[in-house]
Amino acid sequence: PSLGLKPGEGDYERRIAAAIPGQPGRPGGIQLPHALSPGTSNPAPVGIAAIVRPDTVLRQLGAAEVNMPNGVTGRQEVSPSRVSWGWFDPLLGEQVHETELDFGTAGLMLREVGARVRLSRRMLMQTTAEQIVREAFQLAIREAYETAALAGSGTHGEPLGIINTAASTGISRAPMAGSAPSHQEALAAAQLAIDAGCPVSRLGWCFADSDFAAVLAVERPGGEPMVKTHEDGGFTLGGRPLRFSPHLPGGRAIVGDWSQVVVAYQGAPYVMINPYSRANFAETEITIYQNVDVAMRRPRLFTILEA
């Protein structure tokens with residue numbers, strides 16, 4: 001879909017499609033013409049897909065993203081009801097020493113998230129209007145996703161977030177003395193998730209932006225920082241990735257296997273342009289919608305730290 005903010009101005013996707021024909025390529029790939037590729041002279045444009053599927057903290061920590069079939073309604077299951085493993089006796093033809101894994105009963109009720117902007121007539125005349133609008137939409141949708149996934153209430157159309165899921169599923173909770181855990185408290189919380197079945201290789205941390213200074217000030221025995229800062233701007237705690245989010249309440253942290261968080265999308269985004277309702281103010285209203293929901297498949301693989 002195209003926002004079509006300025007007559008004669010094609011959107012980013014259409015210009016790419018027009019530039020690709022006749023250029024060599026290989027099956028199974030997409031070639032981005034050099035003239036349109038991001039770089040120092042071509043700042044990265046924000047496409048429609050990037051608006052409705054933004055690079056959230058959940059994605060950075062490894063959350064799973066799935067596409068649900070169009071037309072599906074009602075509750076959709078995203079985890080098996082029972083998973084077990086064991087060795088089979090070839091003579092008896094049955095499984096012996098069966099061990100059952102701890103799985104939840106995660107389901108999705110696809111909801112509609114939307115973002116709306118109002119533009120003045122003067123801004124619509126600017127050549128940069130379309131890109132500015134896309135960036136504004138991306139920021140709004142990112143905030144909606146992240147807020148709901150981490151601390152959503154589960155009411156008024158909002159998904160149930162990890163913090164509030166903990167109250168009803170028995171997710172482990174661990175105390176911390178202040179707004180940031182000590183090194184010992186952090187390791188103890190991680191161990192709870194590991195003991196519940198979280199592989200160390202998938203462990204990830206999420207702290208609140210408001211606790212940024214407090215977390216970086218914590219030291220390990222011996223005086224070294226608990227959180228390691230890398231040259232690329234990333235952070236790790238105990239060798240595992242750590243991210244900060246402005247949408248996690250202060251004085252709390254989450255550690256666990258983020259691949260068990262499922263973000264499900266259904267269908268293509270819908271863009272609606274309304275130049276009429278705000279005509280008296282010389283404004284155009286643009287709204288973008290996407291069907292989406294968030295669920296946890298194995299909530300016990302997480303630990304919530306609370307001050």
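In this predicted model, the buried residues of helix H7 are covered by elements that include strand S7 (172–175), strand S8 (203–208), strand S10 (235–237), strand S12 (252–257) and strand S15 (302–306). The residues in question are His183, Ala186, Ala189, Ala190 and Ala193. Because they cover an arc of only 135° around the axis, they lie on the same side of H7. The face turned away from this buried side carries the exposed residues Gln184 and Asp195.

H7 comprises 13 residues, 183–195, and at 1.5 Å a residue it should span 18 Å; the C-alpha atoms at its ends are 18 Å apart, so the two values agree. After H7 comes Gly197, whose phi is positive, near 120°.

One of the covering strands, S12, contains Val255. This residue has a relative accessibility of 0% and therefore counts as buried, the cut-off being under 20%. Beyond its neighbours within four places in sequence, Val255 is in contact with Ala189, Ala190 and Ala193, and also with Leu203, Gly204, Trp205, Leu301, Phe302, Thr303 and Leu305. Val255 and Ile304 are separated by 49 residues in sequence, while their C-alpha atoms are 6.7 Å apart in space.

Another strand, S14 (residues 283–296), holds Gln290. With a relative accessibility of 2%, Gln290 counts as buried, because that value is under 20%. Leaving out neighbours within four places in sequence, the contacts of Gln290 are Val52, Arg111, Glu112, Val113, Tyr145, Tyr265, Gln266, Gly267, Ala268 and Pro269.

Terms used:
Residues numbered from 1 in each chain as written. Predicted model: local features only at pLDDT ≥ 70, side-chain atom pairs only at ≥ 80, totals over all residues. Heavy atoms only, no water. Helix = DSSP H or I, 4+ residues; strand = E, 2+ residues; numbered from the N terminus. Expected span 1.5 Å × (residues − 1). Buried < 20%, exposed > 50% of the residue type's maximum accessible area, 1.4 Å probe, protein only. Arc of directions from axis to C-beta. Contact = heavy atoms within 4.5 Å.
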